[in-house]
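Hello,

Here is the structure, with the sequence. My notes on what was found in it follow below.

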Amino acid sequence: MQTVIKGTGRFVPPRKLTNHDLARWMETSDQWIRQRTGIEQRYWIAAEGRTGSSDLGLEASRPALEKAGWKAEDLDLIIFATLSPDYFFPGSGCLLQAKLGLKSTPALDIRQQCTGFLYGLATADAYIRSGLARRILLVGAEVHSTGLDVSTRGRDVAVIFGDGAAAVCLEGDDTSEQAGVMAVSLHADGSMAESLMTEAPASCCNPRIDEEMLRQGRHYPYMDGRNIFKMAVRLLPEVAKEVLDKAGLGVRDVDLFIPHQANLRINQAFAKAMDLPPDRVFNNIQRYGNTTAASIPLALDEALEREMIGPGATVMFLGLGSGLTWGAVLYRFQP
Ligand code: ACO
């Protein structure tokens, strides 16, 4: 039984913010952001009103379901990857399930941040291979903008994140031996958890959040950017080679590498380390920023739309982020 992609979809909110827009709130510049990250703009939800990750996930799910030719009722499982759930609990997967009009379809959340799509795909593949589910909706969605420190104190983190969502319909197929999810390599190193985290509200604190924590900004993301950058540049080529070895494939067998969009410089360093020309590594961070769990499926949806990949193509999804977690998945489209 192979896990194959039947449809993809994406959604970003209409409110576009350029680097110049951010420079109105914090000491930064278009030049600094472009040079260090490659980002030119990102999309954030409207400043007014209530839009959660499940709302963006719903908008991305609709085109994915349509392309698959499925109704929501056809789903056996929803897997929702996010670091910015609508609520502390329950998970956004349950909220999306209700928004899709479903009554009892199971839904689970994956809290693996930038590797949420990779862990979600591996989980979906395991459900499908074990016979626990046949049709799965995997969604990556983030609303970062409501949780960022947009003052100069938070500028190193605030400039990189964008809101957005993407969805993939996955189905078990016993006819396509040579297609589908071909190999998975996942890793985590919890000793680096505090290198990239949002601490509060924290269940290990009593109370979970107080005035002092708010004053210190412990409810905003903290990132040891330099260290994470170094880890990514070292570990992404390593895990790419590992997953290729597992599948018995070489770098040349991969038509397109679709890395997490954390920083254009990281992806350029990855291409250099793997001796790849720029056109074999997909990048769209320039227009979206880092949309975390949404970034890989969002890139996949765009690459398919632009016909950069088609029937029979082999792609590698890979990424590194908070946890620390990192990994890679090799996928081949049906001929
Ligand atoms: N505008 C202007 N100046 C800034 C900004 C900004 N937005 N942010 C930081 N600076 C300043 C700093 O204060 C510092 O000034 P100083 O030299 O006077 O002290 C200087 O710029 C350099 O700061 P660094 O933090 O060292 O900048 P760096 O080159 O490392 O770039 C960045 C920061 C872009 C965040 C980079 O470290 C990075 O991309 N790291 C990896 C991110 C990543 O991959 N994260 C994982 C995925 S995210 C997730 O999992 C949720």
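**Asn 290 and its surroundings**

The side chain of Asn 290 comes to 2.7 Å from the backbone nitrogen of Thr 292, a polar contact (a pair of N or O atoms within 3.5 Å; within protein, one must be able to donate a hydrogen and the other to accept it, and residues adjacent in sequence count only if both atoms are side-chain atoms). This is a predicted model, in which local features need pLDDT of at least 70 and side-chain atom pairs count only at pLDDT 80 or more, while totals for chains, interfaces and linings use all residues. Residues are numbered from 1 along each chain as its sequence is written, and side-chain values use heavy atoms, with hydrogens and water left out.

Asn 290 sits in the loop between H10 and helix H11 (295-305); helices (H or I, at least four residues) and strands (E, at least two) are DSSP runs, numbered from the N terminus. Asn 290 is buried, at 3% relative accessibility, where buried means under 20% relative accessible area (1.4 Å probe, protein chains only). Leaving aside neighbours within four places in sequence, the contacts of Asn 290 include Cys 114, His 144, Phe 161 and His 260 (contact: heavy atoms within 4.5 Å).

**The ligand**

The ligand is surrounded by 25 residues, and Thr 28, Arg 36, Cys 114, Arg 226 and Asn 263 are the closest; a residue counts if one of its heavy atoms lies within 4 Å. The ligand taken alone exposes 1000 Å², of which the protein buries 77% (Shrake-Rupley method, 1.4 Å probe).

By class, the shell has twelve nonpolar, eight polar and five charged residues.

**Met 274**

Met 274 lies in the loop between helix H9 (264-273) and helix H10 (285-288). Is Met 274 buried or exposed? Met 274 is buried, with a relative accessible area of 6%. Not counting residues up to four places away in sequence, Met 274 touches Pro 237, Ala 240, Lys 241 and Val 251.

Regards

Key:
Ala, Val, Leu, Ile, Met, Phe, Trp, Tyr, Cys and Pro count as nonpolar, Asp, Glu, Lys and Arg as charged, and the others, Gly among them, as polar. Buried means under 20% relative accessible area, exposed over 50%, partly exposed in between (1.4 Å probe, protein chains only).
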